[in-house]
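The exercises below ask you to work through some side-chain arrangements, each with a solution that goes step by step.

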Amino acid sequence: MNLVHATSNALIYLDESLSTREEVFEFMTQKLYENGKVSDQAEFLKAIHDREGLSVTGFENGLAIPHGKSSSVLEASFSIVRLKEPLTDYPSLDPNNKVSLVFMLAIPDSEAGSTHLDILAKLAGRLSDSPFLEKFKQAKTSQEILVLLDSKEEVSHQNTENKGLILGITACAAGIAHTYMAAESITKAANQMGYQARIEKQGAKGIEDRITAKEVNQAVGIIFAHDVSLKGIERFKNIPKVDTTVAEPIKHPNEVVERLLEKAQNFEPDEEHIEALEEEETKSFGQTVKDAILTGISYIIPIIIAGGMISTVAVLITQIFGLQDLAGTEGSWLFLLKGLGGGLLGNLMIPILSGYMAYSIADKPGLTPGLAGGLAAMTINSGFLGGMLSGLLAGFFMEWMKRNIKAKGVFSGFVTFWVYPVMGSLLVGVIMLFVIGKPVAAINTGLIGWLDTLQGSNALILGAVLGAMVSFDLGGPVNKAAYAFCIAAMSNGNFIPYCTFASVKMVSAFSLSAACLIKKNLFTEQEREIGNQTWLLGLAGITEGAIPFAMGDPVRVIGSFVGGSIVTGAIVAYAGIGLNVPGAGIFSMFLLEGDNSLVSAAIWLGAALVGAVISTILLIITRQQKLNKA
């Protein structure tokens with residue numbers, strides 16, 4: 001796609017007076033909405049914030065490229081804002097970066113794997129050239145900006161010398177901006193030093209510009225710039241390597257290339273050299289464990305959502321049409337449909353968690369032993385904790401095997417396809433089943449027993465703590481910690497924590513809408529716009545819709561949300577209501593477990609409304625106090 005076709009004069013604003021990152025996001029989102037590029041401002045703004053949560057989108061030289069992909073985007077496009085005064089609150093790779101030029105990309109879900117990256121890669125390539133970027137800062141009209149975007153000049157970093165070939169692989173968590181910016185930075189630095197560069201991108205579109213065997217043989221060395229596990233690094237076992245984060249070559253490209261050149265001077269390849277990186281460059285144990293857990297969770301979230309929604313559909317069909325007998329008849333279509341949803345949650349979740357945690361540590365050799373360890377964890381009822389432990393065990397054991405039992409020569413296939421999967425699965429399975437798995441299962445059983453006995457004041461405290469965590473950062477790390485605890489409890493047969501979690505998720509959204517409706521004069525037009533839509537997000541169980549509102553006055557707003565959420569959580573936990581289907585939103589009230597389904601539904605929804613009323617009152621009072629002080 002030609003860059004100029006993805007924007008217009010109506011989406012380019014020069015020398016705007018916006019003082020915060022949130023004001024910039026809201027302004028640009030509003031312009032995209034007014035120009036028919038997005039259908040729902042709140043939903044797209046949420047997509048922008050979700051992306052910001054993965055990693056920073058501020059770079060250097062005053063540049064930022066926030067971007068979001070959402071079903072609310074009607075047409076792939078981007079908006080440009082040049083600020084009158086640079087922002088100092090925009091998180092960037094360069095801590096001293098003061099953002100003055102912002103490109104916001106809006107991409108439809110249907111084109112997220114192609115158009116999104118094509119536009120971004122092209123932008124990254126053009127904007128990484130400082131003189132070209134400077135022209136955007138000096139342009140006097142939006143038409144000049146369009147002319148710059150349409151210009152045929154290509155960014156050139158070539159030096160007349162040709163000292164050799166430098167290779168690289170870049171990969172970031174989202175597989176979007178940093179992957180391409182890092183690739184361009186390495187290329188630029190290498191070219192300026194007189195070297196050619198070939199960079200393989202392992203991003204959201206898969207592997208692009210794959211490095212060939214011929215290029216490996218010709219290369220001086222390779223730079224691994226990544227925040228996630230790389231694929232196919234065994235190709236480079238006999239050439240010098242530098243391993244670093246994806247942000248490092250964006251911030252210090254020359255230093256990264258120079259490190260590689262220094263290694264290349266004294267590097268002597270031999271047959272015993274393996275693909276493992278030098279000890280001083282490996283990740284710390286804590287970082288490795290953290291990355292493994294995040295990788296495992298990222299792979300089970302779709303399974304949880306799919307299993308939960310399929311189970312929801314099956315239960316609703318059963319209840320609405322009175323098909324309980326059919327649902328209980330083995331082999332019937334409804335029985336099978338319900339079994340599909342339950343199987344995703346009950347049979348696949350823990351093995352997948354374990355398998356991909358191991359994959360994060362040891363790459364492909366870790367996958368099968370990790371899956372086997374997850375099955376063993378399920379066999380002895382060690383649950384979520386056992387699945388995480390087996391994933392770490394399989395990952396570190398297979399990483400050790402890769403270093404000490406090398407897959408090479410005549411026996412390469414035998415080691416890769418027999419020794420690694422068979423020995424790894426057998427050892428991890430035996431250890432989980434007969435050694436450390438049982439103590440973990442005992443801990444897990446004890447946790448379940450403790451949860452099952454929570455009544456009275458103990459249940460109130462648990463519900464209050466969960467309620468506070470859910471609304472403390474509205475989908476952030478604390479919220480995710482509460483979610484992980486609730487899912488772990490659910491996987492072990494205790495459904496009260498997740499039921500509490502599901503009810504509390506509506507509090508912030510409902511209270512925000514109510515406050516803006518009752519006291520319109522206390523809130524700005526932009527805040528009222530957000531408030532008018534958050535109740536819908538609340539029905540879907542989405543807390544992130546309140547983030548834009550909260551960022552403007554976090555202490556008062558978050559404090560108000562937490563106040564009501566504590567009450568909601570305490571009520572639901574005290575009532576002992578359960579919910580065994582995740583991700584159903586407001587439909588959860590039809591799927592509750594309790595002595596009386598109507599009473600359970602009334603308590604569950606009523607608790608959310610009570611909490612919302614409390615938060616609404618607190619929002620109004622604190623906002624009035626703020627205005628009075630002003």
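**Exercise 1.** Determine whether Tyr359 is buried or exposed, and describe its pairing with Tyr356.

Solution. Tyr359 has a relative accessible area of 13%, which counts as buried, since buried means under 20%, exposed over 50% and partly exposed in between, with a 1.4 Å probe and protein chains only. The model is predicted, so that local features need pLDDT of at least 70 and side-chain atom pairs pLDDT 80 or more, whereas totals for chains, interfaces and linings use all residues. Residues are numbered from 1 along each chain as its sequence is written, and side-chain values use heavy atoms, leaving out hydrogens and water.

Next, rings of Phe, Tyr and Trp (its six-membered ring) pair if their centres lie within 6.5 Å, and they are stacked when the planes are under 30 degrees apart, edge-to-face when over 60, and tilted otherwise. Tyr356 and Tyr359 are 5.8 Å apart centre to centre with 65° between the planes, an edge-to-face pair. Because they are three residues apart in helix H12 (residues 333–362), about one helical turn separates them; helices here are DSSP runs (H or I, at least four residues), numbered from the N terminus.

**Exercise 2.** Classify the aromatic pair formed by Phe397 and Trp400.

Solution. Trp400 is partly exposed, with a relative accessible area of 48%.

Methods
Helices (H or I, at least four residues) and strands (E, at least two) are DSSP runs, numbered from the N terminus.
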